2 protein chains.
Amino acid sequence: MPARATRKTSESSDKVSMICRALRRAIIEQALEPGAKLPEDSLGERFGVSRTIARHALGQLAAEGLVELRRNRIAVVATPSWQEARDAFDIRIELERLVVRQLAGKLTKSQISELTDHVDAEDRARGGTDAASIRLATEFHILLAQMTNSPILVRYVSEVAYRCCLTLSLYSRPHSTECAINEHRAIIAALAKGDEAKVMELMHHHLDSVANRALVAPTPQRGRDLLDVLAPYADEVTSDRVVKLPKVARRG
Amino acid sequence: MPARATRKTSESSDKVSMICRALRRAIIEQALEPGAKLPEDSLGERFGVSRTIARHALGQLAAEGLVELRRNRIAVVATPSWQEARDAFDIRIELERLVVRQLAGKLTKSQISELTDHVDAEDRARGGTDAASIRLATEFHILLAQMTNSPILVRYVSEVAYRCCLTLSLYSRPHSTECAINEHRAIIAALAKGDEAKVMELMHHHLDSVANRALVAPTPQRGRDLLDVLAPYADEVTSDRVVKLPKVARRG
DNA sequence: GACCGTCAAACTGCATGCAATTGGGGCGCT
DNA sequence: AGCGCCCCAATTGCATGCAGTTTGACGGTC
């Protein structure tokens, strides 16, 4: 199977996509914290475009879940709840298992060295900022997805990986990236060997441990959104002026 | 009031979302065939809004993969390749296994009867148009996803289900819906019983058989896009001029 | 000082206008 | 007839303008 990435879906060279990319990167690198305001005017001015374009970009990012858009209100960087973060990781695990299942034993030499190079870059970035490390780790997974040559899979893995990236910045304590990098190397090795079951297990464990290391528990002091922080407490209040969250088949 | 949907992310009551919903439905019911042109003007006129809004809606649908947007060109209803269809189903299987895994044994009485009611509606619609049957079957899966109360999962399952719906209209022969309906009932039963492994197996088999029944093979006589039909053959041609094709075949 | 109503600035929702690009029909040439 | 060229109607890309909504600051009242 051939090597190169596919970019048929979106992300051509129009201004909207450029702004999307810029904002996405700013968000996952935490240059823009969750909850940060994103007024159309300011964005337009900053990027040298009109509000129309900025607005359109915000729409796209909202569709990806990186931005929250409320009618007549300023858009803000999304602040996923802890449960949403957990859900995102659950989905991500399944999607990435699918990725490595398709890839096991099917990678070309050049693809493998491309992956190895990327992990080397991760290694080199270990001394740098946390943001850079997180971004590189995320991009490793996206790189893998791209090698499946399935545009849909690329899109979903990218989206959910970015979301996880965002939640990591919200809920994780400063974390050591070393084991993650080693796990990346192990995954590459298993992919090259073509051991499908093994690589799926590795990927599952890798993501699960990243999630568990990061999402240890709802850590209120880091949660930006008051509503989310107070949600569990509001449950105990038996007044009818408290907005009850639709509570259905939540596991737990 | 049982288990209503979550609608936090998108789809509020603004015009863009209304048009999205309308177009989405038109597409999955095959009122708009794959390849159909969607000029911003016409859409705006038809829905009584400006081009700005129509454009924005097209952007959203393109992000969902239902519409193809090429720069400076008229937007068209997406025409997924056979391989993309297969990829979409693969992803869908994993996502929906996740859905039923979370739901097994956790449904309330009212949710179960809601599901049963829906399948009854599917049964009643069996005499009607194919489009209606397909739409109802798809909506059953979305209903399930909504009961997980995980907005992200709802979004992804909805999207991928719509995509599959679209591909079904492209590649499937007129199919009998009966077994699918029975499989829906079996899934509800297993969910109620709480047999997690069983329900995952059922869902897997259900989707796999739908996919296999529909996506039997690249069926050239039904494929709308000549380029896609010829793609596998072009792979074997080592010339670099294979892109140029004579004229397009007939429609429908 | 705390509470509340009022109001202007800020911002969004949407339509319209203008320039740039496209593609398809008509026309001439061979 | 077949082929290529050119031009114009159709259409998109984008900015701007106007109206409606929200925010939060100010001043009045208790």
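**Chatting about the model**

Visitor: Let's start with one residue: what does V67(A) touch, not counting residues up to four places away in sequence?
Guide: Leaving those neighbours out, V67(A) touches I27(A), L38(A), L58(A), L61(A), A62(A), A75(A), V76(A), V77(A) and A78(A). Contact here means heavy atoms within 4.5 Å.

Visitor: What kind of model is this?
Guide: It is a predicted model: local features need pLDDT of at least 70, side-chain atom pairs count only at pLDDT 80 or more, and totals for chains, interfaces and linings use all residues. Residues are numbered from 1 along each chain as its sequence is written, chains are lettered from A and ligands numbered from 1 in the order in which they are written, and side-chain values use heavy atoms, with hydrogens and water left out.

Visitor: Back to V67(A), then. Is it buried or exposed?
Guide: V67(A) has a relative accessible area of 4% and is buried. Buried means under 20% relative accessible area, exposed means over 50%, and partly exposed is in between (1.4 Å probe, protein chains only).

Visitor: And where does V67(A) sit?
Guide: V67(A) belongs to strand β2 (residues 67-68) of chain A. Its C-alpha atom is separated by 8.3 Å from that of T79(A), twelve residues apart along the chain.

Visitor: How many helices and strands does chain A have?
Guide: Chain A has ten helices and three strands. These are DSSP runs numbered from the N terminus: helices are H or I with at least four residues, and strands are E with at least two. Starting at the N terminus, the elements of chain A run α-β-α-α-β-β-α-α-α-α-α-α-α.

Visitor: How much of chain A is buried?
Guide: Of the 252 residues in chain A, 48% are buried. Looking at contacts with a separation of 6 or more in chain A, 74% come from residues 24 or more positions apart.

Visitor: Let's hop to chain B. In which order do its strands lie in the sheet?
Guide: The order in chain B is β1-β3-β2, in an open sheet with antiparallel pairing. Both β1 (37-38) and β2 (67-68) of chain B stand at the edges with a single partner strand each, so one side of each has no neighbour in the sheet.

Visitor: How many bridges join β2(B) and β3 of chain B?
Guide: Two bridges join β2(B) and strand β3 (residues 75-77) of chain B, in the antiparallel sense. Two strands pair if DSSP finds at least two bridges between them. Within this pairing, V67(B) stands opposite V77(B) in β3(B).

Visitor: New topic! How many disulfides are there over all chains?
Guide: The count over all chains is zero. A disulfide is a pair of cysteine sulfur atoms within 2.5 Å. Take C165(B): the nearest cysteine sulfur belongs to C164(B) and is 8.4 Å away. C165(B) counts as buried at 2% relative accessibility.

Visitor: What rotation superposes chain A on chain B?
Guide: A rotation of 180° with 0.0 Å of shift along its axis does it, with an RMSD of 0.1 Å. The two copies are thus related as by a two-fold rotation axis. In the contact between them, the same surface serves both copies, as 83% of the contact residues of chain A recur in chain B. Copies are superposed by least squares on the C-alpha atoms of residues with pLDDT of at least 70 in both.

Visitor: How many residues does each chain give to the contact?
Guide: Chain A gives 35 residues and chain B gives 37 residues. The area buried between chain A and chain B is about 3500 Å², with 54% from carbon and sulfur atoms. Buried area is the accessible area (1.4 Å probe) that two parts lose on being put together, summed over both.

Visitor: How many salt bridges are there between chain A and chain B?
Guide: There are four salt bridges between chain A and chain B. A salt bridge is a side-chain nitrogen of Lys or Arg within 4 Å of a carboxyl oxygen of Asp or Glu. R101(A) forms one with E94(B), where the closest N and O atoms are 3.6 Å apart.

Visitor: How far apart are the closest N and O atoms of D123(A) and R185(A)?
Guide: In that salt bridge they are 2.7 Å apart. D123(A) is in helix α5 of chain A and R185(A) in helix α8 of chain A, so the pair ties together parts 62 residues apart in sequence. R185(A) is partly exposed, with a relative accessible area of 29%.
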